[in-house]
Structure formats: structure tokens, C-alpha cells
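Keep the viewer open and follow the selections in order. Each stop says what to pick and what is found there.

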Amino acid sequence: MKKYIAIILALVLVTTCFAACGKTEKTENQILIGLLYDVGQDSSATPIAEAKEFLDSKGIAYKEYTGRTVDEISLAVDSAIADKVSAIFTPTDNSIMTAELSIYEKLAKAGIPHFTGADSFALNGAFLGYGVDYANLGVETANMVADVLIDGKNPATLSVKTFDNGTATINTEICAELGYDFEKVSEKFAPFCQKINEITTGDAFVDASSSNPASKLESGTLGAQNAEKTFTVGICNYVDDASLNQIVSNIKVQLDNIGKEKNVAFAIKYDNCNADSNVMSQIIAGFNADKVDLMVGVATPVAMAMQSATEENGIPVIFSAVSDPINAQLVSSLEAPGKNITGTSDYLDTKAIFNLILATVEE
């Protein structure tokens, strides 16, 4: 009898442990969150880890879906739909951003809201993009370029600039397709956001910089016409993405303004590697050959490549839209980078975006 009792108790313990530890199986009426990202994207590592920690602390089930190419990501989304996830979270992941136009319609049709870490996702069909103001990110990146080139500040001691999250951009078309009332959703989100923007699906943002000739994504000279000094700046963009393009446009507009104010000029050498590491290396090698005065790397992969390529010559590098510069080993600390590189970060407040997710799915 004691033997049978022991076996029964053991089975009870195993069953209890499975119920407590299992985080990937959905039961009826249970919330299941999908985590959609590219394992090769450094920008996704920290927010995905933070998302798991948050969901574990709340006892909420989750499942990971990964892919690198558009086809792989599309198949991952098919799996998430088959699993009937309640919502999908994606951080500032450039691979998923590239695939968004290929997946947003099937997610909307399945009634699954896609919560993401940048407004460009919402522009391309995700339900919501949350994070920093990328136009302002570009302005502040340009200000740091001027700090180094005009004011002679040392990147090693120039603190990385971080910004408050809090701008939620809702795609109103997808909101309606999901059966949500925009006004009610905005009311729910208001306690967790500093600002709520509306957007519809498209290819590019329309903003104040778009009418300024300096905002065009091309090379050229900005600033004063009869400048006392001209600085050569090499800018490499990682991919043709609306948020990243906003950054580049506003860098150029702000450098044009600074140049006219300070009577200097900025000769811009701009290129986009379209997420191709070989092309990226060629672009940066070209900047080195041209002996540019400073390089600007937009997104983590470009910043890392520029850091490696300038270790010997010491050309200063200003990065932009790097979510986790410490984890990417770009800087020693945000306050004191310690090398020839510093910049601006689009760090995502993962807990904040999950407040929005839970406000949507917990009804």
C-alpha cells in the first residue's frame, strides 16, 4: 500500500511541476503570446529575454517563432496562427520589419494583433508600433556629429543618448479589421503612453523633413555655401526601412541647419547596404579609402562593422538606432563609451509595450 501511495504522490508532483513550468502550451481561454524575431539580430536579444522574464513573472504562456528570410518568417507566422496565439510581440528587429508587408494581412485576417518596437512596422501593416520618436533620433544623432566635428568632443567620453519610450502608433485600418474600436483602444492605452499616433498602411512617412531638399537619401553637400571648413561624413543605412530612413533624413536636415548656423559644410557620402554584409563592408571600406572625417552607422550591424573597420585609424563613429550598445559590445558603458564610437539608442521599454499587449488581450 505504501508503495502505491508513493507512486501516486510522485505522479501528482510531476503533473504539478509540468503545469507550473510549461510556458508554451495553450489551454482553452488561456492567453498565449507569440514572440516573433530573428535569432541573428543583436537588437532582438535583450528585449526577447526581457519579454520572457516578464511573461514568466505573470505566469503567461508564450512560444517563440523565428526566421531570417521573408519566406522563413512567413512560415513562422503560419505556425503562430495555427497555434492560435492571442497576440504577437516583435522588438526592433530589421528582418521582421522587412517581412512585415508579407505577413500583416494574414495576421489581421486571423484576428491576431502584432505589437512591435517601431512605428515603421505599423506603417507597413502591424497593429501597433511602440517606442521612440525616430525623427528626433535623427536630429540628436546629427547634434552628436556636430559635437565631435565642430566642437572637438571625444566619442570615448561623449555619453550615448537615450530617449523616453512612450509613442504608440496604431494602424487604424488594421485596428478596424481586428474588430477594435480605435477610441476605446486609445482610452485603454492612454495610462501607458505619452502619445498615441494614427497611421494607415503605406511605404513611407510624410513628415516635415520630406519637403526639405536635404532630407533626400542621397550624397551631397549640406550647410553654408561659402563655408570656412568642410567636413566629410560617411553615412551607411542598414536597410530601406521607413523608421531608419526617417533617421537619415533628419540627420541631413539638422546637419544642413547646423552648417548654416556655424558657417561650415558637410559633404555627405550616403549609401544603403540593404542588409547585405558584403555590400556593407565595401561601403565602409570606401569611407576609409576616402578618409572621411566621421562615419554614421544606422542600426546595430552597421555600427558594429564600422567599429571593427576603424579600430586602427581611429576615425570617429556615431551610431543611431542601436537598441543595446552595451550588449553589442560597442561601448563600455552608456556614460563613458571608452572608444572612438558613441551615438543614440532606440532602446525598447519591453515592460511598457507588454502593458499595452495585456490591456488588449485581457478582457
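Select Asp83: at 26% relative accessibility it counts as partly exposed, a class that lies between buried (under 20% relative accessible area) and exposed (over 50%), with a 1.4 Å probe and protein chains only. The model is predicted, so local features need pLDDT of at least 70 and side-chain atom pairs count only at pLDDT 80 or more, while totals for chains, interfaces and linings use all residues. Residues are numbered from 1 along each chain as its sequence is written, and side-chain values use heavy atoms, with hydrogens and water left out.

Asp83 forms a salt bridge with Lys63, and the closest N and O atoms are 3.1 Å apart. Asp83 sits in the loop between helix H3 (70-82) and strand E3 (87-90) and Lys63 in strand E2 (residues 61-66), so the pair ties together parts that are 20 residues apart in sequence. Helices (H or I, at least four residues) and strands (E, at least two) are DSSP runs, numbered from the N terminus. A salt bridge here is a side-chain nitrogen of Lys or Arg within 4 Å of a carboxyl oxygen of Asp or Glu. Lys63 is partly exposed, at 29% relative accessibility.

A search of the whole structure finds seven salt bridges. Two further ones follow.

Select Asp78 and Lys106. Their side chains meet in a salt bridge, 2.9 Å from N to O. This pair links distant parts of the chain, with Asp78 in helix H3 and Lys106 in helix H4 (residues 94-109), 28 residues apart. Asp78 has a relative accessible area of 34% and is partly exposed; Lys106, with 25%, is partly exposed.

Move to Lys269 and Asp290, whose side chains form a salt bridge at 3.8 Å, N to O. Lys269 belongs to strand E10 (residues 264-272) and Asp290 to the loop between helix H10 (277-289) and strand E11 (294-298), distant parts of the chain 21 residues apart. Lys269 counts as partly exposed at 32% relative accessibility, and Asp290 counts as partly exposed at 44%.

The last stop is helix H9, residues 242-262. At 1.5 Å a residue, its 21 residues should span 30 Å, and the end C-alpha atoms are 30 Å apart, which agrees; the expected span is 1.5 Å times one less than the number of residues. H9 is mostly covered, as 17 of its 21 residues are buried. Select Asp241 to see the cap on the N-terminal end of H9: a side-chain oxygen lies 3.1 Å from the backbone nitrogen of Ser243. After H9 comes Asn263, whose phi is positive, near 60°.

Note on methods: Polar contact = N/O pair within 3.5 Å; in protein donor to acceptor, adjacent residues only side chain to side chain.
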